[in-house]
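The entries below follow the order in which I looked things up.

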Amino acid sequence: MNYAHQNPERYAPSKAQAQAYGESDFAAIRNCFNGIVKSSKILEIGCGTGNLLYFLKIMGYNSCQGVEMSVDLSDYARKELCLEVTHADWIGFFSQSVELYDVIIALDVVEHLRAEDCIAAFALSRAHLRPGGRLILRTPSAECPFVLPTYCGDLTHRTLFSADLLEHSLKEAGFSGQITFWETRPFSPVKRALFITIHHLVIWPLITLFYFHFHHKRPRVITRNMYCAAQI
């Protein structure tokens, strides 16, 4: 798909736009950076044009690297944002790399993998993390009753995870440390406050009731995307 044509602000951004998108992405995973010093080695898989990497660079993280399988997007990241980005796919990059990282990030990537490749990608990530390292993921949540427009909105989507299935797959890949999940939230403070109020008072109780009726347990993540952090 031509992502730059679909959303030019995100996939052909100015430096100001790249910083804004990167700040929004970082805000959602900020808690995962507790204990991560500015010299830590950080790798983003499927970094696109490098918006998050660009913001991390502005924040002073001086050892960041990206991997992107789109030639156009990886070229843009290198030429326009002056980032270190390798043209490769998730499994192919790690099959050729001997580097170890403190943090590996893959936002909106897992859903593009074939089911049989997911555990292989997780296992390779696990093998390239330093002790205490963490893998941070964002992917559509199968537990959200409104996830289909997101999942079916891209012809390259292949796999849809529930939180339970993703946790099981990460454990199969060798992640024996803590695995945590959290929901997406709007970046704007006003929208975030409104979302949290409606979500907790109305949406969560209703969806939990229907979910429990059909599955005899509570859902873990009901927003259309979920975040996950897995430690080794």
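I began just after α5, where C82 takes a positive phi of about 55 degrees; I note that this is a predicted model, so the angle is a computed one.

Going back into α5 itself, which spans residues 71-80, I looked up burial and found L73, S74 and A77 buried. Viewed down the axis of α5, these buried residues fall within an arc of 100 degrees, so they line one face of the helix. On the other side of α5 I found D72 and K79 exposed. I then asked what covers the buried residues of α5, and the cover includes α2 (8-11), β2 (64-68) and β3 (85-87).

β2 was my next entry, and I recorded that the strand is mostly covered, with five of its five residues buried. From β2, C64, G66 and E68 point one way, while Q65 and V67 point the other way.

I followed the pairing of β2 on either partner. With β1 (residues 42-45), β2 runs parallel and is joined by four bridges, and I45 has V67 as its bridge partner in β2.

My last entry returns to the helix I started from: β2, α5 and β3 make a right-handed β-α-β unit.

Notes
Residues are numbered from 1 along each chain as its sequence is written. This is a predicted model: local features need pLDDT of at least 70, side-chain atom pairs count only at pLDDT 80 or more; totals for chains, interfaces and linings use all residues. Side-chain values use heavy atoms; hydrogens and water are left out. Buried means under 20% relative accessible area, exposed over 50%, partly exposed in between (1.4 Å probe, protein chains only). Helices (H or I, at least four residues) and strands (E, at least two) are DSSP runs, numbered from the N terminus. The arc is that of the directions from the helix axis to the C-beta atoms. Contact means heavy atoms within 4.5 Å. Two strands pair if DSSP finds at least two bridges between them. A crossover is right-handed if, with the strands pointing away from the viewer, the path from the first strand over the helix to the second runs clockwise.
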